[in-house]
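Here is a short briefing on aromatic rings and their surroundings. Please look over the model first.

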Amino acid sequence: MSALQGGARLPDLTTAPLKGLRVVDLAPPGDTSLCGVLLAGLGAEIVRVDRFADAESVLELAAGADALVESPADARGPGPERCLARNPRLVYGRTTMAPGPDEPAAALHLAVAVLAALAQAARTGEGGVVDDTLVGCPFYAVYRTADGHRMAVRALETDCYRELVRLLGVWEMVPDHRDPSVWAELRRLFTGVFRTRTRQEWCEVFDGTDACVSPVPPFE
């Protein structure tokens with residue numbers, strides 16, 4: 001811990017910063033969701049719901065919780081509307097990814113989204129629903145360049161996205177980018193285009209634009 005003037009000390013946030021927060025985990029029976037594991041690692045109390053619990057039992061748990069996370073493999077939950085009606089401050093996290101290679105990224109994204117929503121709920125007194133739908137999003141991703149470096153794309157706003165595809169030179173090749181069913185196609189397209197130039201060349205292309213693209217610093 002670091003000392004402050006007058007003998008006070010900075011709080012140590014490296015150990016259990018989420019201590020005191022309760023998270024209801026509607027993971028598949030006999031399991032704990034990866035999101036729940038991440039939040040538990042930060043000190044949150046994880047209440048894993050028994051496989052035989054009914055909707056009313058879940059609602060009672062949600063009434064006294066700070067957050068609830070659910071998995072697509074489990075359909076026991078009463079749903080966000082009923083949970084939020086019982087506890088308006090609740091953050092309801094939904095995992096949309098089924099088990100597979102993208103599951104760890106989905107869990108991490110959901111954990112970050114839950115933490116952001118908890119911070120907002122602390123300020124406003126209102127919870128809400130968050131999910132991991134940006135996982136796999138081609139216009140919120142990192143791409144390799146021709147020289148092995150990386151560029152980060154965060155073109156979530158429509159104007160940013162239009163500038164992105166214009167500068168990539170693929171405007172006429174892009175379907176409805178908001179439809180997740182075409183994201184795999186878009187990712188392949190963007191991956192191929194970014195590999196045609198070096199990081200420095202892409203920096204020159206995007207410098208001063210509204211495309212929301214920036215270089216990723218190399219790891220030391």
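**Rings and a charge**

The charged end of Arg197 sits over the ring of Trp202, 5.0 Å from its centre. Here "over a ring" means that NZ of Lys or CZ of Arg is within 6 Å of the ring centre and within 35 degrees of the ring normal. The model is predicted: local features need pLDDT of at least 70, side-chain atom pairs count only at pLDDT 80 or more, and totals for chains, interfaces and linings use all residues. Residues are numbered from 1 along each chain as its sequence is written, and side-chain values use heavy atoms, with hydrogens and water left out.

**Aromatic pairs**

- The structure holds 7 aromatic pairs.
- Rings of Phe, Tyr and Trp (its six-membered ring) pair if their centres lie within 6.5 Å; planes under 30 degrees apart are stacked, over 60 edge-to-face, and the rest tilted.
- Tyr143 and Phe194 are stacked, because their ring centres are 5.1 Å apart and their planes lie at 5°.
- This pair links distant parts of the chain, 51 residues apart: Tyr143 is in strand 6 (residues 140–144) and Phe194 in helix 6 (residues 183–194).
- Helices (H or I, at least four residues) and strands (E, at least two) are DSSP runs, numbered from the N terminus.
- Phe194 also forms a tilted pair with Trp202, at 5.1 Å centre to centre and 50° between the planes.
- Ring pairs join Tyr143, Phe190, Phe194, Trp202 and Phe206 into a cluster.

**Burial**

- Buried means under 20% relative accessible area, exposed over 50%, and partly exposed in between (1.4 Å probe, protein chains only).
- Tyr143 is buried at 2%, Phe194 at 0% and Trp202 at 1%.
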